[in-house]
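Reader: Please take me through the aromatic rings of this model, one group at a time. I would like to know what they sit against and how far the coordinates can be read.

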Amino acid sequence: MRTLFSTVLALGLAVAVTGCAGASTTTPTPTTSASESVPAIDPTLIPTAAPTDAFDVDPDLFTAAFGDYTFKVGDGPTWCTINIDNHFVICEQNEAKANYRPIPAPSDCELSYGYQVRLWAETPTDGTPVAGFVCSGGAYADPEGMYSLNPGERLVLDGFTCFVENQTARCDNAAGKFVVLGPDAWAIGS
């Protein structure tokens, strides 16, 4: 009986390891081009401007590890981080909480795509777009324990202005470029 159990266990482990190895080397191939399959977002879900009566909050409330400033977006699943050393803001969210259709990843991205969006303070000199989605293998920042930026509040820091409408964040740079991210909407204005 002991030999039978050992044999079955060894066979099960071999099948499991082989299955995992096969899955990790498979590269998915898109059936349509990204431009044809990017989901449309209802424009009414995309914040356009902070309320005229929004008040500026103290950036120090959002100080996070490594000198970044991180805020949760209201009571939703989204958070944003302003990196003042490298002059960008990145908004991200839990993939499982996104209600919009998945955004097709470019062919050179084998990680997660469509759940992190970055905006630079100025157009990068290396050809990177000033605003766009990030191919990511994990969260940039941890929102645990961070304060929320709530509707009616505005965070102005390092050339960025961020505000929240419902559970969606919008951050603009001084040149008027912007990113929007929330469970129901995203937008990139570059």
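**Aromatic rings and their surroundings**

Author: In this predicted model, the charged end of Arg-118 is placed over the ring of Phe-88, at 5.8 Å from the ring centre. Phe-88 also belongs to an aromatic cluster, which it forms together with Trp-120 and Tyr-140.

Next, the ring pairs. A pair of aromatic rings is described by two values, the distance of the centres and the angle of the planes. Searching the whole structure gives six aromatic pairs. One of them joins Phe-62 and Phe-71, with 6.1 Å from centre to centre and 70° between the planes, an edge-to-face arrangement. The relative accessible area of Phe-62 is 1%, so this residue counts as buried. Phe-71 is buried as well, because its relative accessibility is 0%.

Tyr-113 and Phe-133 make up another pair. Their ring centres are 5.7 Å apart and their planes meet at 55°, so the pair is classed as tilted. Tyr-113 is in the loop between β4 (88-93) and β5 (116-120), whereas Phe-133 is in strand β6 (residues 131-133); the pair therefore ties together parts that are 20 residues apart in sequence. Both of these residues, Tyr-113 and Phe-133, are buried.

The strands named here belong to a sheet. It is an open sheet of six strands, ordered β6-β5-β4-β3-β2-β7, with mixed pairing. The strand that holds Phe-133, β6, is an edge strand, and the other edge is β7 (148-149); each of the two pairs on one side only. Lys-72 has Ser-148 in β7 as its bridge partner.

Last, the confidence. The average pLDDT of the protein is 83, and 81% of the residues score at least 70. Residues 1-35 are another matter: pLDDT stays under 50 there, and the model has three contacts for this stretch beyond four places in sequence. Where pLDDT is low, the predicted coordinates should not be read in detail.

Technical notes:
Residues are numbered from 1 along each chain as its sequence is written. This is a predicted model: local features need pLDDT of at least 70, side-chain atom pairs count only at pLDDT 80 or more; totals for chains, interfaces and linings use all residues. Side-chain values use heavy atoms; hydrogens and water are left out. Rings of Phe, Tyr and Trp (its six-membered ring) pair if their centres lie within 6.5 Å; planes under 30 degrees apart count as stacked, over 60 as edge-to-face and the rest as tilted. Buried means under 20% relative accessible area, exposed over 50%, partly exposed in between (1.4 Å probe, protein chains only). Helices (H or I, at least four residues) and strands (E, at least two) are DSSP runs, numbered from the N terminus. A charge sits over a ring if NZ of Lys or CZ of Arg is within 6 Å of the ring centre and within 35 degrees of the ring normal. Two strands pair if DSSP finds at least two bridges between them. pLDDT is the predictor's confidence in each residue, from 0 to 100. Contact means heavy atoms within 4.5 Å.
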